[in-house]
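The tour goes stop by stop.

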Amino acid sequence: MVRKGWMFLLVASVFFSILIGYIVTSPERDNKPKIVVVLRTLNLEYWQMVRSGAEQAFHDFNIDGKVIAPNSELQVKEQITILKNALEENPDALIVAPNQPPAVIPVLKEYKTNNIPVMIVDTETDWNGQTAFIGTDPYTLGRKSGELLASMLQPGDQVALIGETLFTSRESVRMRSAREALQNAGVEIITEQVVDTERGKIRSVMGNVLKKFPDIKGVFAANDEIALYSLEEIKEKGFQIPVVGTDGISDIMEDIEEGSLDATVAQNPYDMGYLSVERALKAIKGEPGQKRIDSGVDLITQDNAKQRLDFMKDIRINTVSRKANGSYWWEE
């Protein structure tokens with residue numbers, strides 16, 4: 001009887017310890033801001049950098065957060081479904097990079113109706129219901145990229161512009177401002193092409209351009225996937241012409257560091273992710289904040305390519321470390 005009584009007291013003690021722990025910790029967890037981030041995809045390094053910035057901010061500001069996205073930037077309906085499902089979880093704020101801005105506006109209006117502030121990151125939408133936009137000014141990015149390419153050429157040289165098939169207003173402005181900068185420098189735009197961001201398709205388009213315009217002297221690419229695979233095709237075909245992209249992914253940084261590419265203009269996707277969460281937290285607290293936050297662009301050359309690569313490597317290490325030591329909302 002004594003032994004049974006002792007066992008009962010032990011079990012009761014453990015039960016009440018767990019119960020007390022739950023009572024103490026549960027309110028603290030419930031009081032954490034809950035933020036969901038919906039990106040265009042997570043299968044490209046650019047968007048992985050946005051995610052890393054957001055997750056670092058989750059950690060720094062003690063936020064329960066989640067970053068999700070469809071498998072491809074072409075999966076517009078899938079992104080809408082993700083947004084609708086996330087709305088059912090009633091987050092305190094939404095951060096979204098729309099794959100096709102006009103298509104997502106109806107569901108974003110539902111967030112607005114439910115008093116959930118909406119931050120648009122990277123990809124602008126023609127919707128005045130957003131709390132803030134965080135990203136690169138597309139006109140400045142395109143202009144600086146065009147000016148960089150023009151600085152490597154002579155007036156009268158021929159160049160190609162290659163953009164994404166899935167044009168958004170961001171890509172349209174970027175292409176337009178790059179075109180203007182090149183034309184102002186006296187560079188001739190011999191062809192403009194659009195392509196899906198798939199390696200085989202990009203190389204095929206670039207190969208056709210080189211065949212049709214063998215005197216081409218340079219290429220402007222709307223993103224770094226296009227720049228990277230265009231450069232592969234250019235090298236394989238024995239050409240030596242500059243290619244300028246706009247994102248700053250690590251493969252492009254490595255090409256610059258080793259000297260096979262002169263320079264590029266890079267966005268700051270990590271900063272976009274971090275600043276978006278920081279701005280969302282202000283909105284949740286009802287604090288004033290900017291309607292537009294420019295995350296800036298950087299000129300990357302051989303002088304600073306290694307520094308940029310080291311920064312990206314540190315981000316990956318820190319991301320892996322955070323995931324090994326804790327989870328965020330919805331991931332448990």
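**Stop 1: Ile216 and the cores**

Select Ile216. Apart from neighbours within four places in sequence, Ile216 is in contact (heavy atoms within 4.5 Å) with Gln158, Val159, Ala160, Val209, Leu210 and Ile241. This is a predicted model: local features need pLDDT of at least 70, side-chain atom pairs count only at pLDDT 80 or more, and totals for chains, interfaces and linings use all residues. Residues are numbered from 1 along each chain as its sequence is written, and side-chain values use heavy atoms, with hydrogens and water left out.

Now widen the selection. Ile216, Val219 and Ile252 have the most contacts inside the largest nonpolar core, which has 33 residues. Such a core is a set of buried Ala, Val, Leu, Ile, Met, Phe, Trp, Tyr and Cys residues joined through side-chain atoms within 4.5 Å. Buried means under 20% relative accessible area, exposed over 50%, and partly exposed in between (1.4 Å probe, protein chains only). Helix α8 (224-236) is among the elements that give two or more residues to this core. The largest share, 6 residues, comes from α8. Helices (H or I, at least four residues) and strands (E, at least two) are DSSP runs, numbered from the N terminus.

A second, separate core has 27 residues, including Ile35, Val50, Ala54 and Met119.

**Stop 2: β1 and β2**

Select β1 and β2. These strands run parallel, joined by 5 bridges; DSSP must find at least two bridges for strands to pair. Val36 has Lys66 in β2 as its bridge partner. In β2, 4 of the 5 residues are buried.

**Stop 3: helix α3**

Select residues 76-88. Which residues of α3 are buried? They are Val76, Gln79, Ile80, Ile82, Leu83, Ala86 and Leu87. Seen down the axis of α3, they fall within an arc of 155°, so they line one face of the helix. The arc is that of the directions from the helix axis to the C-beta atoms. These buried residues pack against β1, β2, β3 (93-96) and α4 (101-113). On the other side, Lys77 and Glu88 are exposed.

**Stop 4**

Most residues other than glycine have a negative phi. Asn62 sits in the loop between α2 and β2, with a positive phi near 55°. Finish at Asn115, in the loop between α4 and β4 (118-121). Its phi is positive, about 60°.
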